[in-house]
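Dear colleague,

Please find the structure below, handed over for your study.

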Amino acid sequence: MASTADMGTNTETGTLLRSITNDHREIFDCYDQYVKSQGDHDAQQRWSNQLAWEVARHSVGEELVVYPLLEKHLGADGKKMADEDRAEHQEVKKLLAKLEGTSAGSAEHAAILKSVIDNLKPHIEGEEKHDFPLLERVLSSAESKEAAVKFYKTKQFAPTRAHPSAPNKPPFETLAGFMAAPLDKLKDAFSKFPTEEQREVAGKN
C-alpha cells in the first residue's frame, strides 16, 4: 500500500483505466483496514479519514478530467454515463458529509461508512466494466496516458473533503471545489491519518 499522504498520487499511471482502477483498489484497501481495526477506535478513525480523503480527491479528479472526456468522445451516450456517475458521486458525498459528525467506534459511524462502500461498489463496477473501457477504445494510447497524468495532477489540488453542495459539472465545479481547498487543508492539519507503522502493517497484509 502507498504511503498515506501519497496514496493515489503516484505518477506512474499507464492508461487512464489502469490509473482509475488503482485508485479504486486503494479506496477499498482503506475500508479493509478500517474493518480489520475493529476495537481500536483510534486506528479506525485514521483509516476512515484516509478513505474519506481518497474518495473526495478521486471524485473531483473524475469530475474534472474523466467525465468531460466521456461527453466529448462518446456523444449522447457519454453524457448519459457522465450524468449517472455524477449523481452516484453525489450520494457518496452526502454520506461522507454525514460521517464527519460521527466518531469511529460508534454504530452510526460504522453504518455510514458501510453505506459509502455499498454505494461505491456498483458505481465502480459500472465504471470499470462499462463506461471507461468504452472511453479507452476511442482514445489513442497517448491520449489515455495524457488523461491519466491530468487525473493525478488534478487530485493534487483537489479539496480534501467531499462537498455535496458544490457544483459538479464544468466549469463550475472547478472554481467551487478549489476555493474550498484551503479550508479543507486547514481542517486536515488537525485530522488523524494512519501512522507509518500502520501503513507498513497494511502493506504486508
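Predicted model: local features only at pLDDT ≥ 70, side-chain atom pairs only at ≥ 80, totals over all residues.

The axes of helix 1 and helix 2 (residues 41-99) come within 9 Å of each other and cross at roughly 160 degrees. Here helices are DSSP runs of H or I with at least four residues, numbered from the N terminus; axes are lines fitted to C-alpha atoms over the stretch in contact, with angles from 0 to 180 degrees between N-to-C directions. Helix 1 is therefore roughly antiparallel to helix 2 (the term applies to angles over 145 degrees).

Residues are numbered from 1 along each chain as its sequence is written, and side-chain values use heavy atoms, leaving out hydrogens and water.

The buried residues of helix 1 (residues 16-36) include Leu-16, Phe-28 and Cys-30; buried means under 20% relative accessible area, with a 1.4 Å probe and protein chains only.

His-123 lies in helix 3 (residues 107-138). With a relative accessible area of 4%, His-123 is buried. Leaving aside neighbours within four places in sequence, His-123 is in contact with Glu-62, Tyr-67, Asp-85, Glu-88 and His-89.

Note on methods: Helix = DSSP H or I, 4+ residues; strand = E, 2+ residues; numbered from the N terminus. Buried < 20%, exposed > 50% of the residue type's maximum accessible area, 1.4 Å probe, protein only. Contact = heavy atoms within 4.5 Å. Expected span 1.5 Å × (residues − 1). Parallel < 35°, antiparallel > 145°, perpendicular 65-115°, else oblique.
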